[in-house]
Amino acid sequence: MAAGLPARLGMGCAAHRLRGRRLAHSGAAARLQQEYDAVVIGAGHNGLVAAAYLQRAGLRTAVLEKRHVLGGAAVTEEIVPGFKFSRASYLLSLLRPQIYSELELQRHGLRVLPRDPYSFTPLLEDRSLPRSLLLGHDMAQTQRQIAHFSQKDAQAYPEYEAFMGRLVAAIDPLLDAPPVDTAALGQGSLLQRLRSLRALQPLLRAGLALGRQLPRYYEVLTAPISKILDHWFESEPLKATLATDAVIGAMSSPHSPGSGYVLLHHVMGELEGRRGSWGYVAGGMGALSQAIAHAAASWGAHIFTEKAVSRVLLGRDGQAQGVVLRDGTEVRSKVVLSNASPQITFLELTPQEQLPEDFTRQIRHVDTRSPVTKINVAVDRLPSFLAAPNARDGQPLPHHQCSIHLNCEGTHLLHQAYTEAAGGHPSSRPMIELCIPSALDPGLAPQGCHVVSLFTQYTPYELAGGRPWDEQARNAYADTVFDCIEAYAPGFKASVIGRDILTPPDLERVFGLPGGNIFHGGMSLDQLYFARPAPSYSGYRSPVPGLYLCGSGAHPGGGVMGAAGRNAAQVALGDFKHLRQQR
C-alpha cells in the first residue's frame, strides 16, 4: 500500500508532471466469447505462458485477470508519478530458456539487462573507509575481493561455485517435466505401470549425474545453509551474502534445516547462456509479462483484465466446464487452468463438495508464512555508500547495478532478524536487498532520479498482540528500514520523494499471494516435487477432471520461471487430445 511520504521533487531530479497510471495490456481488443477450448484464471506470468502454449497448439484460449494490469507479481506500475516500479518481483534469471526461444519473447519486445558485478555488500565499520564485498562474473576479480576478508575463502570460492554448479546441472531437467505420479505406479495394467516408470528417468539421470557425490549433495538439500557455508568458508560477510539467497522469501533462518534448497533454487537460473546470472527487464518486470502476452495474442489468445472469476463451473459429471465471473457471466470451456494459488483455486473457486476432504485439509495446511515486506522508493539521487562514495557527477557506479545487501555483516544478524519476526515483531535490523534498476534502465525514472526496490525481511503476517498492519505500523517499519539504509548511505532519507509499502497482508490482498508468500507456499522439502501442492496431486491435475493448477503453487515452485505454466499446458494438451480421440 502506498503510504507515508508525500511525493515531492528533489533538486537533482528533473521536473516530472506525468500523471500516475498503471501499465496494462492494450492488445486485448477481442470481445469475450461465451465458449473457448481453454480458460486460464489469472494473468500472472505462468498463466500467460500456459495460454501461449495452449493457443499455439490450436486450443482457443482466454485469459481472465481480475486486476487492471497483467502479470500477477511480474508487473510494472507507476506508483509515484513519473517513476515506474517493478512493484513485486524485480529481477529475472529463472525463466526457462525454452520459453525464451519457443515463445520468441525477444521478437515480442523482451529486453534483458544483465548485471556484472551482481552483488555488493557494504559493511558498517568504525574506519574512514568501511570495507565492502563486490561479487561478479570475473572470477579473478571476485577472488581478490574475497581475499580482503580471507585468503582461504578466496581460494575455496571457485571450487564452491563448481560444486553448486554440478548440483544445479543435475537437478535442472527436473524443472521441465511433471513429477513422478507415484499413484500411477501402483495402478492400471502392467503396460500402464511400465509407461509410468518412464517418468522416473529424469530422477534417475539426476542421481547418476551426481554419482558418488550424492551424499554430499543430499546434505546441501536438507541441512541448514549455515552448516554448508561453514564447511566452505570462514568469512562472515561472504557467508551472510551467500546465505541471503537461501532465506529470501522464506520464513526461515540460515540455521533452519532445508534452507540449502532455497539457495539452490536461486542459483539455478541463467541469462543469455550464463548460469546463475540475474538481470533487470528493460521497462520493468511488466515488460516480460507484456512480451509473453503479445506472444499468446499473436497466435490468437484472448486476454482480458478486470474479469474476476468467482467460481469454477462444473458439469453434472463433476468435470470442469468453464468459469463464472463475478458479474455472473458464464464462460464455457473444455479445460480450466488456474494460475491462482492453490488456496484460492481449491478453497474459494472450486465447489467444496467436489473435492476430497483429505485434499482440502492438505491445502489448508500448506505453510504460507512470509517474512517479506517490499518497499518501492522514488529518490532524487543515487544512494552514496560510505564504503563506496558516489562519483562527483552523480552517475551510477558498477556497484549501483547490484543487489546491495545491507545488515549482512554476519549470519547471526540474519538469524536475529528471523527470531524477532518469529515472535511477532518486525525485525529491528532487517535483512535488506536494495536494487536500483534505473542504474541500468534510466527510462524508469525522470532524469537524475531513480527507482529503488527494497526487498526486506523479516516481518510477520500477524503482529504480536493482535496489532493490525495499519498505516502507523507500516510507516514505523519502513522508517526502521530507512534508518538502516541511512547508516550505510547518509543522505538517503533526504533523497526520498515517495514510497510504496507492501507488508505480507498487502502482498496477499493486492497480488493474491497466500500469506504474502512470493512462492504461493514455502519451498521446504516437504512442499516440493511429489508434495506440491499436495501428495498425489503434483502433476498439475486436480481432483476435479479438467481443472489444472499452473501457478507457483505447483511444481517446481515460485520465482519468475514459467515452468509451471509450460508444464501444466503440456499436461492439459495431452488430456485434451485424449478426450477428443475418445469422442
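I started at His 520, which is buried at a relative accessible area of 10%. Buried means under 20% relative accessible area, exposed over 50%, partly exposed in between (1.4 Å probe, protein chains only). This is a predicted model: local features need pLDDT of at least 70, side-chain atom pairs count only at pLDDT 80 or more, and totals for chains, interfaces and linings use all residues. Residues are numbered from 1 along each chain as its sequence is written, and side-chain values use heavy atoms, with hydrogens and water left out.

I noted the phi of His 520: it is positive, about 65°, although the residue is not a glycine. His 520 sits in the loop between α17 and β20. Helices (H or I, at least four residues) and strands (E, at least two) are DSSP runs, numbered from the N terminus.

I found a positive phi at Glu 104 too, near 50°. Glu 104 is in the loop between α2 (97–102) and β5. Its relative accessibility is 33%, so Glu 104 counts as partly exposed.

I then looked up cis peptide bonds. One joins Asp 116 and Pro 117, with omega about 5°. Pro 117 lies in the loop between β5 (112–114) and β6 (119–122). Another runs from His 555 to Pro 556, with omega near 5°. Pro 556 is in the loop between β20 and α18 (563–582). Most residues other than glycine have a negative phi, and most peptide bonds are trans.

**Leu 135**

I went from Pro 117 to one of its contacts, Leu 135. Contact means heavy atoms within 4.5 Å. Leu 135 lies in strand β7 (residues 132–135). At 2% relative accessibility, it counts as buried. Beyond four places in sequence, Leu 135 also touches Tyr 118, Ser 119, Thr 142, Ile 146, Tyr 157 and Thr 241.

**Ile 518**

Ile 518 is in the loop between α17 (504–511) and β20. I read 26% relative accessibility, so Ile 518 counts as partly exposed. Leaving aside neighbours within four places in sequence, Ile 518 contacts Gly 249, Phe 455 and Leu 513.

**Helices α4 and α6**

The axes of α4 (residues 151–171) and α6 (residues 201–210) come within 8 Å and cross at roughly 160°. That makes α4 roughly antiparallel to α6. Axes are lines fitted to C-alpha atoms, for helices over the stretch in contact, and angles run from 0 to 180 degrees between N-to-C directions. Angles under 35 degrees count as roughly parallel, over 145 as roughly antiparallel, 65 to 115 as roughly perpendicular and the rest as oblique.

Which residues of α4 and α6 meet? I listed Arg 166, Leu 167 and Ala 170 in α4 against Ala 206, Ala 209 and Leu 210 in α6.

**Asp 172**

Asp 172 is in the loop between α4 and α5 (190–197). Is Asp 172 buried or exposed? At 15% relative accessibility, Asp 172 counts as buried. Not counting residues up to four places away in sequence, Asp 172 touches Arg 96, Met 268 and Arg 275.

**Confidence**

The chain averages 91, and 92% of the residues score at least 70. Over residues 6–11 the pLDDT is below 50. Over residues 15–28 it stays under 50. Where pLDDT is low, the predicted coordinates should not be read in detail.

Note on methods
pLDDT is the predictor's confidence in each residue, from 0 to 100.
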